[in-house]
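Please look over the sequence and the fold before reading on.

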Amino acid sequence: MTKQVRQLDRVVIRFAGDSGDGMQLTGDRFTSETAQLGNDISTLPNFPAEIRAPAGTLPGVSSFQVHFADFDILTPGDAPNVLVAMNPAALKANLADLPKGASIIVNTDEFTKRNLAKVGYASNPLEDGSLDGWAVAPVGLTSMTVKALETHGVSKKDAERAKNMFALGLLSWMYSRPHESTLRFLERKFAARPELVAANIAAFKAGWNFGETTENFAVRYEVKPAKMTAGNYRNITGNAALALGIVAAGVRAELPVFLGAYPITPASDILHELSKHKKFGVTTVQAEDEIAAIGVALGAAYGGALGVTTTSGPGVALKGETISLAVALELPLLIIDVQRAGPSTGLPTKTEQADLNMALFGRHGEAPVAVIAPRSPADCFNAAIEAARIALTYRTPVILLSDGYIANGSEPWRLPEVADLPDLRTEFATEPNGEDGTTFLPYLRDPVTLARPWAVPGTPGLEHRIGGLEKADKTGDISYDPANHDFMVRTRAARIEGIEVPDVEVEDPDGTARVLVLGWGSTYGPIGAAARALRQRGLPIAQAHLRHLSPLPKNLGAVLAAYDKVVIPEMNLGQLAGVIRSKFLIDAIAYNQVRGLPFTAAELESVLEEVVKNA
């Protein structure tokens with residue numbers, strides 16, 4: 001059967017099913033094949049907090065959305081063009097996001113009376129006309145998978161589990177994806193059980209062949225590779241990029257890396273990834289709790305290593321006292337906070353930007369630290385290196401604010417040349433620095449950076465006192481002198497304010513915009529897509545995005561003053577907006593949502609259009 005091939009410039013696909021249906025694996029494999037083909041991609045995994053929510057229920061729905069295109073894209077897409085629904089719960093949970101006319105590939109085998117009743121369907125939506133506005137393709141994914149595996153000697157349960165590979169094969173055929181690496185992946189994943197290797201490969205091929213032979217799908221689609229800067233690329237998640245950035249920072253600093261971590265969603269993958277890189281001098285310790293994790297990381301920093309600890313919001317709260325200790329000791333330390341929706345346990349698998357105030361102010365006493373935030377999954381690599389640069393140069397803790405959207409999302413990443421990465425080598429104190437030539441002054445500061453010497457314990461002649469009590473200037477002795485305390489507090493604050501950071505860059509193509517949209521962190525993609533859409537419609541708007549949140553770029557005040565209105569979208573209740581208002585006396589317009597989901601580009605486009613037209 002000869003089938004029509006239609007060219008598309010972009011597609012958004014969402015795989016949805018039970019948390020046990022393998023939707024994250026299916027989406028990840030489709031994404032990997034798409035990246036190999038050369039499309040630009042952006043993904044949005046979305047899964048329950050429960051390890052295994054009740055099967056067939058709305059709380060148990062897990063989904064994976066992938067947006068791929070033949071041009072530069074910034075977001076995972078506002079709405080799917082295609083929904084693969086493995087059961088009634090997946091259909092009901094995601095139908096509201098589908099524009100009319102979108103395609104729905106639905107697993108008819110799961111639309112039983114019992115499963116329909118679980119999610120409140122009074123009648124079968126595949127039969128009652130309620131889906132007439134969409135292009136529905138009913139497919140018996142479960143039964144066809146079981147039939148395809150009849151001769152493979154696997155149990156009915158194992159055969160049914162392979163239905164996600166049937167679906168992946170079908171979608172790979174529909175969108176002309178390569179599949180060789182998926183077959184190799186299955187061989188590795190099930191290497192201990194050869195029968196499962198054969199069964200999953202057979203299920204994948206059955207899905208591919210079904211698409212090729214059935215009359216239900218008369219058209220297949222192609223999305224050409226995107227035009228990208230020449231180089232070697234890989235698909236990378238934010239957490240993986242952070243881990244590799246930390247490894248690279250250790251190599252460029254010529255320091256061992258020590259990670260102290262306690263598993264917590266959504267930061268645990270950084271621990272998993274770093275544990276694979278011992279050959280680069282990386283040591284990982286899974287501590288018994290959050291406090292122990294940062295304690296051993298700070299101890300490693302005292303001993304001359306690049307100390308790192310990873311966590312999410314609840315863990316940062318527990319680590320607060322030790323972060324303050326690191327401020328007093330003036331040692332380099334990286335604290336990576338992969339933010340999630342709170343408060344308390346909150347929505348641990350959903351995203352939010354609500355830890356900014358805690359990062360800036362959430363410690364006892366005057367305990368300032370540097371704070372930076374990556375803007376995308378690939379940008380996490382560079383952000384980790386920048387955090388290490390600041391920590392090592394200025395002897396300070398640095399909080400890096402990622403979030404669940406960035407951590408689990410993925411995009412193409414161009415591998416850098418190692419020689420192009422910054423030189424992070426730091427000199428340790430090796431001899432006494434006092435005027436008499438025999439005394440070591442642990443708090444004698446560099447006149448430019450205000451950083452104190454970093455003396456590795458055991459270095460002869462450099463014995464000195466450490467601890468949380470206030471230090472005397474230069475000598476580091478315990479001091480209760482009021483004037484000394486005032487001096488040390490102001491000096492620690494000046495050290496952070498004096499950190500050299502790049503100026504904030506403004507994207508204002510024709511220079512006529514009167515409205516500036518200012519963002520930080522993962523709002524970069526939706527803001528950029530919205531601003532791009534407005535400019536294409538002839539509405540001028542400027543965009544600026546902050547990586548450095550403490551200290552803020554030196555030119556930020558002048559940038560803000562150059563525009564009539566400043567809009568700050570955030571996935572919180574206005575935390576950056578509050579900082580901007582208090583520091584620059586700018587009546588910033590805050591646009592906020594805390595739904596556990598990223599902004600859509602269309603949502604921001606509508607909000608910004610209103611501001612631009614009334615400016």
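The largest cavity has a volume of about 120 Å³. Its lining takes in 14 residues, and the closest to the cavity centre are L44, P45, T349, T351 and G404. This is a predicted model. Searching the whole structure turns up one cavity of 30 Å³ or more.

Two elements, β3 (40-46) and α15 (404-408), each give at least two residues to the lining of the largest cavity. By class, that lining holds six nonpolar, seven polar and one charged residues.

A word on the approach: rolling a probe the size of a water molecule over the atoms shows where empty space is left.

## Packing of α1 on α6

Two packed helices are described by the angle between their axes and the distance between the axes. Here, helix α1 spans residues 23-37 and helix α6 spans residues 163-174. They pack at an angle of about 30°, and their axes lie 10 Å apart. Angles under 35 degrees count as roughly parallel, so α1 is roughly parallel to α6. The crossing of the two helices, α1 and α6, is right-handed.

## Residues at the helix contact

Which residues of α1 and α6 make the contact? From α1 come M23, L25, T26, R29 and F30. From α6 come N164, M165, L168, L171 and S172.

Sorted by class, the residues of the contact between α1 and α6 are six nonpolar, three polar and one charged.

Terms used. Residues are numbered from 1 along each chain as its sequence is written. This is a predicted model: local features need pLDDT of at least 70, side-chain atom pairs count only at pLDDT 80 or more; totals for chains, interfaces and linings use all residues. Side-chain values use heavy atoms; hydrogens and water are left out. On a 1 Å grid over the protein atoms alone, a cavity is a set of points where a 1.4 Å probe fits but cannot get out, and a pocket is an open set with protein on both sides within 12 Å along at least five of seven lines; lining residues have an atom within 4 Å of a point. Grid points are joined across faces, edges and corners, and a volume is the space filled by probe spheres set on the points. Helices (H or I, at least four residues) and strands (E, at least two) are DSSP runs, numbered from the N terminus. Ala, Val, Leu, Ile, Met, Phe, Trp, Tyr, Cys and Pro count as nonpolar, Asp, Glu, Lys and Arg as charged, and the others, Gly among them, as polar. Axes are lines fitted to C-alpha atoms, for helices over the stretch in contact, and angles run from 0 to 180 degrees between N-to-C directions. Angles under 35 degrees count as roughly parallel, over 145 as roughly antiparallel, 65 to 115 as roughly perpendicular and the rest as oblique. A crossing is left-handed if the near helix is turned anticlockwise from the far one by less than a right angle, and right-handed if clockwise. Contact means heavy atoms within 4.5 Å.
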